Amino acid sequence: METNMKGFERFDDVSFTVSSKSKNIKVDNLYGWKNKETEEVIFDPKTDSAKRYSNACDEIVIKEREELSLFLKNTRKKL
């Protein structure tokens, strides 16, 4: 990674939780850098951390859409 990443600190083997209103997915074994001031995260490109975190985010979005779709379908039936 570039050496001019001022404010970023390396993290190794940490867990982040992806959250929505009703879902939480914990993603373990993540590697990268985090800016303490801005909370920005850069995942280490030498690992699959970004892909796994992104997949968890996608899973949350898909589950939320499925729940909304079911809610709308049931609401239409009641009308």
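R10 is partly exposed, at 38% relative accessible area (buried means under 20%, exposed over 50%, partly exposed in between, with a 1.4 Å probe and protein chains only). Before you click on, know that this is a predicted model: local features need pLDDT of at least 70, side-chain atom pairs count only at pLDDT 80 or more, and totals for chains, interfaces and linings use all residues. Residues are numbered from 1 along each chain as its sequence is written, and side-chain values use heavy atoms, with hydrogens and water left out.

The side chains of R10 and D44 meet in a salt bridge, 3.0 Å from N to O (a salt bridge is a side-chain nitrogen of Lys or Arg within 4 Å of a carboxyl oxygen of Asp or Glu). This pair links distant parts of the chain, with R10 in strand β1 and D44 in the loop between β3 and α1, 34 residues apart. Helices (H or I, at least four residues) and strands (E, at least two) are DSSP runs, numbered from the N terminus.

Is D44 buried or exposed? At 8% relative accessibility, D44 counts as buried. Show what surrounds it: leaving aside neighbours within four places in sequence, D44 is in contact with R10, Y31, G32 and W33 (contact means heavy atoms within 4.5 Å).

How many salt bridges does a search of the whole structure find? It finds eight. Side chains of opposite charge can pair when their charged atoms come close.

Select K23 and E67 for one of them: the closest N and O atoms are 2.8 Å apart. K23 sits in the loop between β1 and β2 and E67 in helix α1, so here the partners are 44 residues apart and link distant parts of the chain. Both ends are partly exposed, K23 at 25% and E67 at 35% relative accessibility. While you're on charges, highlight R10, D12 and D44 together: salt bridges that share partners join them into one network.

Then jump to E9 and K36, whose side chains form a salt bridge of 3.9 Å, N to O. E9 lies in strand β1 and K36 in the loop between β2 and β3, so this pair ties together parts that are 27 residues apart in sequence. E9 is partly exposed at 43%, while K36 counts as exposed at 59%.

**Into the core**

Hide the surface and select F11, F16, V18, I25, V27, L30, F43, A56 and I60. These nine residues make up the largest nonpolar core. Such a core is a set of buried Ala, Val, Leu, Ile, Met, Phe, Trp, Tyr and Cys residues joined through side-chain atoms within 4.5 Å. Strands β1 (8–19) and β2 (24–35) and helix α1 each supply at least two of the core residues. In soluble globular proteins, nonpolar side chains tend to be buried together.

Zoom in on I60. Setting aside neighbours within four places in sequence, I60 touches V18, S20, K23, N24 and I25.

**Out to a nonpolar patch**

Bring the surface back and pick L68, F71 and L72. They form a nonpolar surface patch with about 290 Å² of accessible area together. Patches are made of residues with over 30% relative accessible area and no salt bridge, where like charges are joined within 9 Å and nonpolar side chains (Val, Leu, Ile, Met, Phe, Trp, Tyr) within 5 Å. The areas come from the Shrake-Rupley method with a 1.4 Å probe, and for residues only the protein chains shown count as cover. L68 belongs to helix α1 (residues 49–78) and is partly exposed, at 47%.

Where is N35? Look in strand β2, where N35 is buried at 9% relative accessibility. Its contacts beyond four places in sequence are K6, G7, F8 and E40. A polar atom of the N35 side chain lies 2.8 Å from the backbone nitrogen of E37.

E37 is in the loop between β2 and β3 and is exposed, at 76%. From E37 to G7 is 7.1 Å, C-alpha to C-alpha, though they are 30 residues apart in sequence.

**Last stop: two backbone angles**

Most residues other than glycine have a negative phi. Select D13, in strand β1: its phi is positive, near 55 degrees. Then try N29, in strand β2, which has a positive phi of about 55 degrees although it is not a glycine. D13 is partly exposed at 45%, and N29 is partly exposed at 41%.

Conventions:
A polar contact is a pair of N or O atoms within 3.5 Å; within protein, one must be able to donate a hydrogen and the other to accept it, and residues adjacent in sequence count only if both atoms are side-chain atoms.
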